[in-house]
Amino acid sequence: MKKKLSLLGSTGSIGIQTLDVIREHSERLQLEAVSAGENIKELRNVIQEFSPKLVSVKLEQDALTLQREFPKVDFSYGSQGLIDVATYSTTDTLVNAVLGSVGLPATLKAIESGKHIALANKETLVTAGHLVMEAAKKHQVTILPVDSEHSALFQALNGEKLEQVDRLILTASGGSFRDKSREDLSNVSLQDALNHPNWSMGAKITIDSATMMNKGLEVIEAHVLFGIPYDQIDVVLHRESIIHSLVEFQDTSVMAQLGTPDMRVPIQYALTYPDRLPRKEAKRLNLVEIGKLHFEEMNLERFKALRLAYDAGRVGGSMTTVMNAANESAVKLFLQEKISFLEIDEVIERAMMSHGTIAAPDLDTILEIDAVTRKSIENVIN
Ligand SMILES: NC(=O)C1=CN([C@@H]2O[C@H](COP(=O)(O)OP(=O)(O)OC[C@H]3O[C@@H](n4cnc5c(N)ncnc54)[C@H](OP(=O)(O)O)[C@@H]3O)[C@@H](O)[C@H]2O)C=CC1
Ligand SMILES: CC(=O)[C@@H](O)[C@H](O)COP(=O)(O)O
Ligand SMILES: [Mn+2]
């Protein structure tokens, strides 16, 4: 029987690669419901090729326009639209590839309606990891990581006992500015920041990678998913992005997952787990061709955003909500060329310093803190 899927963020980098996987394994996977933001041109192609029964967009006007073009499809919009897609009655799994904490309510509703989750949307786990994991436990659904490092950790932990883990080691490419000193960063351009050395990704995560906040989000994501304390989660700079992450056990054995940098591998694994299906035309890893792999210690003064994320994770509660919201706002302002690259860290640090942490915030509190944090940053800058 085919696995029936909902997909949030079908027009983005992960969304498009998820559609590649569905296309390649259409004997196993079927798309039932999809969402997009504002890229209606790309969405039209998705509707024509995959014939989803329900489609959601960000704006009501776009839903009305598309409804006229596709009268047999149901349309929805806005935040309720994301929930409608995530909880669509005939699906068993939600692929969450939307960008940012806007994906949180839909993830929680999907879990409450018994959907398994293939999760790329790491901001959801950073902003409210405790709510997502508690709900998943209560409703007995699995959260399968799509993020390449967490897919690697999940595979390295397969069949192992978590209490016998000594360390999780996340690898970081170093991003667009890995060979620059902090002083060199004062005048870098948006265009240079968007030039990732190894991965082709959406704009926001590419900037996160350059600031190293992406790895900070991933440290918190790893803590939430696997329950390993922050003192046992390390990051190592690995410029080739061939080793996607590693687990060191108490007997000193280290398990790693390797592969060419191609997100369709972890996406497919999350959608067909525990099977490993063949992939047509995929580039295989050739270690002889690569020759050497490099590893460097991570400098938390140079990559300040990573230190801020460890700080936020250790404080816990609503502090990670604030850090995530401040980062989303700061990156948005940098993408609009309203602040400089180094101001991204400053904005996040200021937001964290002025926040009084709430230990175990509920959903309404998280949504309010997220909104207030964004508003206070965007009001000051705009
Ligand atoms: N790209 C990658 O390789 C990786 C990404 N991730 C994570 O996956 C997630 C998606 O990243 P990526 O694919 O790069 O991002 P993109 O920016 O490429 O895509 C984001 C998607 O979300 C949609 N979207 C954005 N805002 C809204 C909104 N307010 N309402 C509804 N839809 C919205 C966009 O719609 P539209 O374009 O139509 O406006 C688009 O479909 C992020 O959490 C990222 O950290 C994790 C690992 C790797
Ligand atoms: C592909 C993926 O999972 C990204 O999150 C990737 O990790 C970004 O690369 P770096 O953050 O290591 O630069
Ligand atoms: Mn990653």
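## Ligand shells, sheets and core of a predicted model

Of the 28 residues around ligand 1, those that come nearest are Gly12, Gly37, Asn39, Met201 and Gly202; a residue is near a molecule if its C-beta atom, placed from the backbone, lies within 6 Å of it. This is a predicted model, in which local features need pLDDT of at least 70 and side-chain atom pairs count only at pLDDT 80 or more, while totals for chains, interfaces and linings use all residues. Residues are numbered from 1 along each chain as its sequence is written, and chains are lettered from A and ligands numbered from 1 in the order in which they are written.

Helices α1 (13–24), α6 (122–138) and α9 (203–211) are the elements that give two or more residues to the shell around ligand 1, and α1 gives the most, with three. Helices (H or I, at least four residues) and strands (E, at least two) are DSSP runs, numbered from the N terminus. Around ligand 2 stand residues including Asp147, Glu149, Trp199, Lys215 and Met263. Here α7 (148–156), α9 and α10 each supply at least two residues.

The table gives the make-up of both shells.

Alanine 203 belongs to helix α9. It is partly exposed, because it has 17 C-beta neighbours inside 10 Å; the class lies between buried (20 or more other C-beta atoms within 10 Å of its own) and exposed (12 or fewer), with C-beta atoms placed from the backbone. Apart from neighbours within four places in sequence, alanine 203 is in contact with Leu194 and Leu335, where contact means C-beta atoms, placed from the backbone, within 7 Å. Alanine 203 and valine 331 lie 128 residues apart in sequence, with 9.2 Å between their C-alpha atoms.

An open sheet of mixed pairing holds five strands in the order β11-β10-β8-β9-β12. Strands β11 (254–258) and β12 (296–297) are at its edges with a single partner strand each, so one side of each has no neighbour in the sheet. Two strands pair if DSSP finds at least two bridges between them. Strand β9 (residues 233–237) runs antiparallel to β12 and is joined to it by two bridges; valine 236 has glutamate 297 in β12 as its bridge partner. Across β8 (165–172) and β9 lies helix α10 (residues 213–226), at about 150° to β8, an angle taken on a scale from 0 to 180 degrees between N-to-C directions of axes, which are lines fitted to C-alpha atoms, for helices over the stretch in contact.

In edge strand β11 sits glutamine 257. Glutamine 257 is buried, because 21 other C-beta atoms lie within 10 Å. Not counting residues up to four places away in sequence, glutamine 257 touches Ala152, Gln155, Ala156, His244 and Ser245.

Elsewhere, strand β3 (residues 54–57) pairs with β4 in the parallel sense over four bridges. Strand β4 (residues 74–77) has Phe75 and Tyr77 on its covered face and Asp74 and Ser76 on its uncovered one.

The largest nonpolar core has 104 residues, and Leu8, Ile117 and Ala309 are among those with the most contacts inside it. Such a core is a set of buried Ala, Val, Leu, Ile, Met, Phe, Trp, Tyr and Cys residues joined through C-beta atoms within 7 Å. Helix α14 (residues 319–335) gives the largest share of this core, nine residues.

Conventions
Contact = placed C-beta atoms within 7 Å.
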